[in-house]
Amino acid sequence: MSDESKPENPYGTPTTTGPEPIPSYQGAVNKLIRTLLRVPGLSRAVGKRLATLHVVGRKSGKVYDVPVAYTRHDGALLIGTALRPWVKNLQSGGPIEVSLGGKPQSFDPVVYTAEPDVMRLFEIIAEDNRANAKFNGIGFAADGTPVRADIYQTWQQGGVVVALTPH
């Protein structure tokens, strides 16, 4: 979608430029995080806000281990992210395995892409995890609330929320 065809942000002017681009070293960081999340004892401390998704490729059938930040809400794990290739693999349906500092557990994924859902759920995520909010281009107002114009901008730039409920 070109900039000319994007609707004006109904929430005002964003305070950020949107989600941070993926740095070239992200693969190395992900490898380190995956390793830390497998270390008994340490995984519980590191994994308070991090999980590893074991996502099966739609075409390859290969299992990809994707470390993600999550927020617990109403019995689900919420993951706010830009639309990444691993998210597309979740849209094909069926449960996925998720490691939360222990043995993998089965979860049912739902990928939210509609504006009202993404706005509501990303606000919950941002209030719970400021580092995740910053990574996703969401700033905070003087009163400490997430800037809705930033959340809208993140959605416009492909932001989605994945909800995982135990299977």
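**Group meeting talk: cores, salt bridges and a buried arginine**

Hi everyone, let me start in the middle of the protein. The largest nonpolar core has 19 residues, and the members that touch the most others are Leu53, Ile79, Trp86, Val98, Val162 and Leu164. By nonpolar core I mean a set of buried Ala, Val, Leu, Ile, Met, Phe, Trp, Tyr and Cys residues joined through side-chain atoms within 4.5 Å. Two or more residues of this core come from each of β1 (50-56), β2 (63-69), β4, α3, β5 (96-99), β6 (105-112) and β7. A second, separate core has 14 residues, among them Leu78, Leu121, Ile124 and Ile125. As a general point, nonpolar side chains in soluble globular proteins tend to be buried together.

Before going on, a word on where this comes from. This is a predicted model, in which local features need pLDDT of at least 70, side-chain atom pairs count only at pLDDT 80 or more, and totals for chains, interfaces and linings use all residues. Residues are numbered from 1 along each chain as its sequence is written, and side-chain values use heavy atoms, with hydrogens and water left out.

How confident is the predictor? The mean pLDDT (the predictor's confidence in each residue, from 0 to 100) is 86, and 87% of the residues reach 70 or more. Among the elements, α4 has the highest mean, 97, while helix α2 (residues 42-46) has the lowest, 60.

Now the overall layout. There are six helices and seven strands, taken as DSSP runs numbered from the N terminus (helices are H or I, at least four residues; strands are E, at least two). Along the sequence they follow the pattern α-α-β-β-β-β-α-β-β-α-α-α-β. Of the 167 residues, 41% are buried; buried means under 20% relative accessible area, exposed over 50%, and partly exposed in between, using a 1.4 Å probe and protein chains only. Taking contacts with a separation of 6 or more, 63% are between residues 24 or more positions apart, where contact means heavy atoms within 4.5 Å.

Back to Leu53 for a moment. Leaving aside neighbours within four places in sequence, its contacts include Val66, Val68, Ile79, Trp86, Val98 and Leu164. Asp65 and Glu97 are also among the residues Leu53 is in contact with.

Next, charges. How many salt bridges does the structure hold? There are four, counting a side-chain nitrogen of Lys or Arg within 4 Å of a carboxyl oxygen of Asp or Glu. I'll walk you through some of them.

One joins Glu20 and Lys134, at 3.4 Å from N to O. Glu20 lies in the segment before α1 (26-38) and Lys134 in helix α5 (residues 130-135), so this pair ties together parts that are 114 residues apart in sequence. Glu20 is partly exposed, at 31% relative accessibility, whereas Lys134 is exposed, at 56%.

Another pairs Asp117 with Arg120, with the closest N and O atoms 3.9 Å apart. Both residues sit in helix α4 (residues 115-128), three residues apart, about one turn of the helix. That spacing is worth a reminder: an α-helix has 3.6 residues a turn, so residues three or four places apart point the same way. Asp117 is partly exposed at 25%, and Arg120 is partly exposed at 43%.

Then there is Arg148 with Glu123, where the closest N and O atoms are 2.7 Å apart. This pair links distant parts of the chain, with Arg148 in helix α6 (residues 148-156) and Glu123 in helix α4, 25 residues apart. Arg148 is partly exposed, at 31%.

And which residue is buried yet has no salt bridge? That is Arg84, whose nearest side chain of opposite charge, Glu20, is 8.7 Å away; here Lys and Arg count as positive and Asp and Glu as negative, with His and the chain ends not counted. Arg84 sits in the loop between β4 (76-82) and α3 (85-90). Beyond residues up to four places away in sequence, Arg84 touches Glu20, Ile22 and Phe135.

Last stop, helix α6. Its buried residues are Ala149, Asp150, Ile151, Tyr152, Gln153 and Thr154, and what covers them includes α4 and β7 (159-166). Gln153 counts as buried because its relative accessibility is 10%. Apart from residues up to four places away in sequence, Gln153 touches Asn9, Pro14, Thr16, Thr17 and Gly18. After α6 comes Gly158, whose phi is positive, near 105°.
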